[in-house]
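Hello,

Here is the structure I promised to pass on. Please open it before reading further.

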Amino acid sequence: MAASKGKVSTMTYGRQRAAKGIISDREIRFKCFFQNTILDVLRSRVGWQEVQGDGDWDFYWCDREWLHANYDTMFLQEHQKILHFRNHYELTRKNLMVKNLKRFRKQTDKEFGKLEAQSWDFFPSTFELPSEYHIFVEEFKRNPGMIWIMKPAAKSQGKGIFLFRKLKDITDWKKGEYQPLPDPNIPKDIPETYVVQRYIDDPYLIGGRKFDMRIYVLVISFNPLKVWLYRGGFARFSNTRFSLDSLEDTYIHLTNVAVQKTSPDYDPEKGCKWSAQQLRKYLVARHGIDTVRQMFTAIDNIIIKSLQSVQKIIINDKHCFEMYGYDILLDSSLKPWLIEINASPSLTASGQEDYELKFGLLHDVLNVLDLENRLTGKEKRIGGWDLLWDDGPVFIDAMEQDAGLPSILTPNSFLGCDNQRKSQLRETYALAEAFKNSS
């Protein structure tokens with residue numbers, strides 16, 4: 001009887017694990033679309049096995065195109081995890097991001113008043129073209145001499161972006177000299193969707209150069225909203241000193257690495273990056289800890305409010321997760337501005353330091369997702385990830401507060417703070433290097 005009970009108990013435990021989406025005691029099978037840092041991380045995981053072709057998988061780091069083509073016809077098992085929510089583009093297409101932010105700001109104004117709506121003043125005046133062209137022209141005429149920036153709504157890496165001061169500078173665009181959609185059934189050329197946005201012409205400069213911040217945000221659920229913020233990240237600098245004398249010089253105005261690395265004097269060894277930790281230390285030294293803490297709190301506000309703006313729109317699925325790359329620009333008064341949000345931030349390293357950052361970032365993503373069922377579910381920090389929001393703001397425990405801080409609720413946010421975990425990754429790096437060398 002005892003043996004029989006033991007067997008039933010084991011079977012019941014197995015069913016419970018399956019019901020919770022927990023993989024039983026076997027290798028975790030993964031697929032990966034990309035041939036960069038994420039593949040190194042996945043191959044270095046002990047107990048993870050790569051699956052080729054159409055083999056059964058537990059975890060898939062897919063590309064957006066594959067998801068769009070297959071999501072609606074897929075049946076996912078309880079335990080399977082996949083990158084991207086079905087309609088992630090509601091936040092990552094530039095025009096849709098602004099549309100949702102404007103809608104939610106208007107709703108906030110209606111329900112809570114103008115004072116609360118002012119907390120949404122973190123994205124520049126933006127219009128979608130060609131649909132809002134006439135509204136944009138009215139705004140343009142109200143602000144003579146203002147600099148505007150044009151961006152394709154669905155492109156990245158600085159492609160198709162240009163700055164202008166005069167309406168005649170976009171005459172060709174308005175006349176319809178667009179890139180046609182690659183569909184032979186469309187009878188005439190249809191304009192590519194652009195956004196036109198007020199250019200932040202007083203950016204905060206370091207060494208006379210403009211930069212923006214790449215910040216990593218992990219969302220494992222939209223309903224309820226659960227958000228992790230990575231301590232690391234980096235500032236991307238332009239390779240040329242800032243000036244408004246030449247609006248055509250992309251090396252001045254665009255900080256994208258894809259743009260800067262084509263500069264004639266670009267040094268691939270040095271690159272054009274600072275770590276988030278370097279940037280925070282520099283800003284504290286220049287402006288003091290309180291001012292910088294307020295700035296980073298404002299960035300937290302941008303992250304949460306932008307996610308709340310699509311919370312009821314995103315198709316929530318417990319199988320899906322999203323790792324966003326937020327691009328934030330500081331102006332001369334240290335006010336942060338949301339520039340765009342990337343659904344597939346680049347995971348290709350530009351150098352050894354960048355590789356180590358991204359390796360640690362992705363290694364910790366897998367730890368947060370916890371397919372191995374090692375966590376309790378109550379963690380507020382996993383590796384370099386800090387739990388920022390869990391159906392409400394997350395605060396650090398009183399005993400964890402830094403010395404000197406007042407005994408008040410302190411957000412569990414440490415962007416740009418020291419990670420103190422490099423030694424933990426040395427063995428993992430060694431496994432990844434050994435695998436690459438043997439391939």
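Below are notes on a helix pair and on one aspartate. Please keep in mind that this is a predicted model.

**The helix pair**

Start with helix α2, residues 37–44, and helix α13, residues 352–369. Their axes lie 9 Å apart. The packing angle is about 50°. Angles under 35 degrees would count as roughly parallel, and 65 to 115 as roughly perpendicular. The two helices are therefore oblique to each other. The crossing of α2 past α13 is right-handed.

Which residues make the contact? From α2 they are Thr37, Ile38, Asp40, Val41, Leu42 and Ser44. From α13 they are Tyr355, Lys358, Phe359, Leu362, His363 and Leu366. Seven of the contact residues are nonpolar, three are polar and two are charged.

**Asp300**

Next, look at Asp300. This residue sits in helix α12, which covers residues 289–308. Is Asp300 buried or exposed? Its relative accessible area is 10%. Buried means under 20%, so Asp300 is buried.

What does Asp300 touch, leaving aside its neighbours within four places in sequence? The contacts are Leu229, Leu388 and Ser413. With Ser413 there is a polar contact, side chain to side chain, at 2.8 Å.

Along the chain, Asp300 and Pro411 are 111 residues apart. Their C-alpha atoms are separated by 9.3 Å.

Best wishes

Methods: Residues are numbered from 1 along each chain as its sequence is written. This is a predicted model: local features need pLDDT of at least 70, side-chain atom pairs count only at pLDDT 80 or more; totals for chains, interfaces and linings use all residues. Side-chain values use heavy atoms; hydrogens and water are left out. Axes are lines fitted to C-alpha atoms, for helices over the stretch in contact, and angles run from 0 to 180 degrees between N-to-C directions. Helices (H or I, at least four residues) and strands (E, at least two) are DSSP runs, numbered from the N terminus. Angles under 35 degrees count as roughly parallel, over 145 as roughly antiparallel, 65 to 115 as roughly perpendicular and the rest as oblique. A crossing is left-handed if the near helix is turned anticlockwise from the far one by less than a right angle, and right-handed if clockwise. Contact means heavy atoms within 4.5 Å. Ala, Val, Leu, Ile, Met, Phe, Trp, Tyr, Cys and Pro count as nonpolar, Asp, Glu, Lys and Arg as charged, and the others, Gly among them, as polar. Buried means under 20% relative accessible area, exposed over 50%, partly exposed in between (1.4 Å probe, protein chains only). A polar contact is a pair of N or O atoms within 3.5 Å; within protein, one must be able to donate a hydrogen and the other to accept it, and residues adjacent in sequence count only if both atoms are side-chain atoms.
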